[in-house]
Amino acid sequence: MKKRIFRSIIAVAMTVLIAGFVLAVSFLYGYFRDSQVTQLREELAIAALNVNRYGEEYFDGFDSSVFRFTLVAGDGTVLYDTQASAENMENHLDREEIKEAAESGRGSSERYSSTLTERTFYEAVRLENGDILRISASQATVGALIIGMLPGIAAVILAAGAVALILSERMAKKIVSPVNGLDLENPEKNDVYEELAPLLTKISRQHRQISRQMAELKREKDEFDQITQSMSEGMVMLDKRGFVLSINAAAMKLFEVSGSPEGRDFLTVDRSPEMSRAVREAMERKRSEFRGERNGREYQFIISRIDTDGETAGVVILCIDVTETAFAERSRREFTANVSHELKTPLQSIIGSAELLEAGLVKPEDTRRFIGNIRNEAARLVSLINDIIRLSQLDENSGPVPSPETVDLYGLANEVAAELADRAAERDVKVTVSGGPCMMSGVRGYLYEIVYNLCDNAIRYNKAGGSVEINTGFKNGSPVLTVSDTGIGIPPEHQSRVFERFYRVDKSHSKETGGTGLGLSIVKHAVAYHGGTIKLDSEVNKGTAVTVTF
Ligand code: ADP
């Protein structure tokens with residue numbers, strides 16, 4: 001900007017200088033020419049008077065350094081000249097001023113010298129005797145004048161340049177400093193140059209537009225943050241270099257990062273080879289997924305590529321906790337395998353016995369035993385199928401939704417004790433019910449299953465002469481059922497697993513005890529249905545106590 005101002009000032013100064021110079025020279029030159037001509041005419045008039053009176057003697061002793069006089073006869077012959085010898089001079093009749101004077105009594109002309117550096121003015125007048133008197137004087141031409149003034153002009157230009165330099169420096173500073181001091185945050189509050197007003201208005205408009213867009217962006221980001229931060233699924237966004245752009249709280253927890261890893265390589269967050277491979281694959285093929293364990297839980301990682309304007313901008317990693325689903329899937333697979341096995345065993349036994357009977361290979365005295373075996377196995381199958389049906393009803397909440405009613409746990413306990421009295425007697429186990437009335441809201445059928453299965457197990461896994469106690473009551477306002485026995489107990493390593501389907505502590509004796517391996521599973525589901533909790537206390541050879549709190 002300073003350079004421009006300097007150049008402009010120099011240009012203006014030079015233009016003004018040259019224009020002034022040209023005007024002055026042409027004016028002065030015209031002025032001097034006119035006064036020269038006037039002076040010549042006056043001198044000629046005086047000289048003509050004197051020559052008329054005294055003849056050419058008038059020029060004797062005349063100082064001819066300023067003006068030159070020439071006396072020419074009417075035929076053009078030069079009679080006398082104050083600066084040259086008349087004999088050597090040619091005929092002057094063709095000279096313009098002489099011709100004019102001969103014709104009209106007065107003539108004038110001007111001519112340039114051969115070098116063009118001088119111009120000569122001529123004035124001529126016809127004398128009384130017919131001769132013509134001419135006066136002439138020379139003057140330097142404009143060109144010569146300018147050439148003569150060149151050193152002066154150069155000096156003036158240099159001086160003007162120096163002044164322009166100093167002035168431009170100061171002016172540039174003066175012009176630029178208000179521009180530098182502009183408050184671009186509030187463009188319209190500036191009162192600097194009128195010419196800048198449209199620019200400042202435009203900046204102000206853009207300012208408002210940018211502020212609006214920024215507010216909109218911030219709102220969208222806040223919205224996005226709120227959604228992602230409250231998500232239970234982990235979400236991480238990476239740029240195309242694999243650096244973290246954003247990470248939500250759930251992902252921070254699952255990857256166990258404390259400080260925000262935003263702006264850092266995702267490798268600092270998770271350096272597992274499967275993750276690196278999956279991210280790379282998603283970048284190339286748009287999507288990838290894998291299952292992995294983090295923090296003792298199982299996650300499904302879904303990685304999707306983000307494209308903007310046809311270019312890869314990065315990826316988003318979604319981490320979904322599938323621990324429960326995976327467990328359920330596994331259980332279902334195991335359950336199917338177990339059910340097939342459990343059904344097959346009694347069926348094979350029934351088929352074997354039936355075949356022997358059919359082929360007449362059973363002695364008549366053994367027939368009863370074989371038929372009894374078929375009946376027992378069939379009964380086992382029925383109870384197994386009943387258990388499976390009950391379990392699947394509880395499991396999937398299939399069938400009509402059972403309606404809750406007010407049930408007395410104490411009354412139920414007595415019912416169960418009565419129902420199982422024969423079986424208890426068979427095994428020489430004493431069943432007692434203690435506590436008092438315990439009213440609660442629940443599904444009667446499910447609550448009956450709970451008490452029945454716990455009591456059934458307490459008798460089944462007891463010793464001869466042992467006892468079972470069913471206690472009902474309230475603890476901290478909640479209905480509590482406890483079934484304790486003095487039986488064989490459950491070894492500690494099995495205690496956490498006995499509620500799994502078909503899990504039995506002693507697999508080899510399962511047939512003898514007659515259990516299906518589903519009893520405690522049914523209990524677990526029925527308790528969960530009522531929102532209760534189960535506690536198992538057991539000691540090998542001493543006994544077991546199962547407490548259900550609703
Ligand atoms: P089952 O039909 O075989 O009894 P359950 O699911 O009811 O199946 O029980 C699972 C296993 O837990 C049983 O096979 C048994 O080994 C053990 N168990 C359950 N209750 C008791 C108990 N009161 N005392 C000792 N062991 C028990």
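**Exercise 1.** How many Å separate the centres of domain 2 and domain 4, taken over C-alpha atoms?

*Solution.* Before we start, a word on what you're looking at: this is a predicted model, where local features need pLDDT of at least 70 and side-chain atom pairs count only at pLDDT 80 or more, while totals for chains, interfaces and linings use all residues. Residues are numbered from 1 along each chain as its sequence is written, and side-chain values use heavy atoms, with hydrogens and water left out.

Step one: find the domains, whose bounds come from an automatic or database domain assignment. Domain 2 covers 184-228 and domain 4 covers 326-396. Step two: take the centres over C-alpha atoms, and you get 80 Å between them.

**Exercise 2.** Work out the strand order of the open five-stranded sheet and find its edges.

*Solution.* Strands here are DSSP runs (E, at least two residues) and helices are runs of H or I (at least four), numbered from the N terminus. Two strands pair if DSSP finds at least two bridges between them. Going across, you read E12-E14-E15-E17-E16, with mixed pairing. Strands E12 (430-435) and E16 (533-539) are the edges, as each pairs on one side only. From one strand to the next, the twist averages 15 degrees; axes are lines fitted to C-alpha atoms (for helices, over the stretch in contact), and angles run from 0 to 180 degrees between N-to-C directions.

Now zoom in on one pair: E12 and E14 (467-475) are parallel over six bridges, and lysine 430 sits opposite serine 467 in E14. Helix H11 (444-460) packs on this sheet, touching E12, E14, E15 and E17, where contact means heavy atoms within 4.5 Å. The direction of H11 makes about 20 degrees with that of E15.

**Exercise 3.** Which residues are closest to the ligand, and which helices each supply at least two residues of its shell?

*Solution.* Next, the helices: H11 and H14 (519-529) each supply at least two shell residues.

Then look for polar contacts, pairs of N or O atoms within 3.5 Å. A polar backbone atom of leucine 520 is 2.9 Å from a ligand oxygen, and a backbone N or O atom of valine 505 lies 3.0 Å from a ligand oxygen.

Technical notes. Polar contact = N/O pair within 3.5 Å; in protein donor to acceptor, adjacent residues only side chain to side chain.
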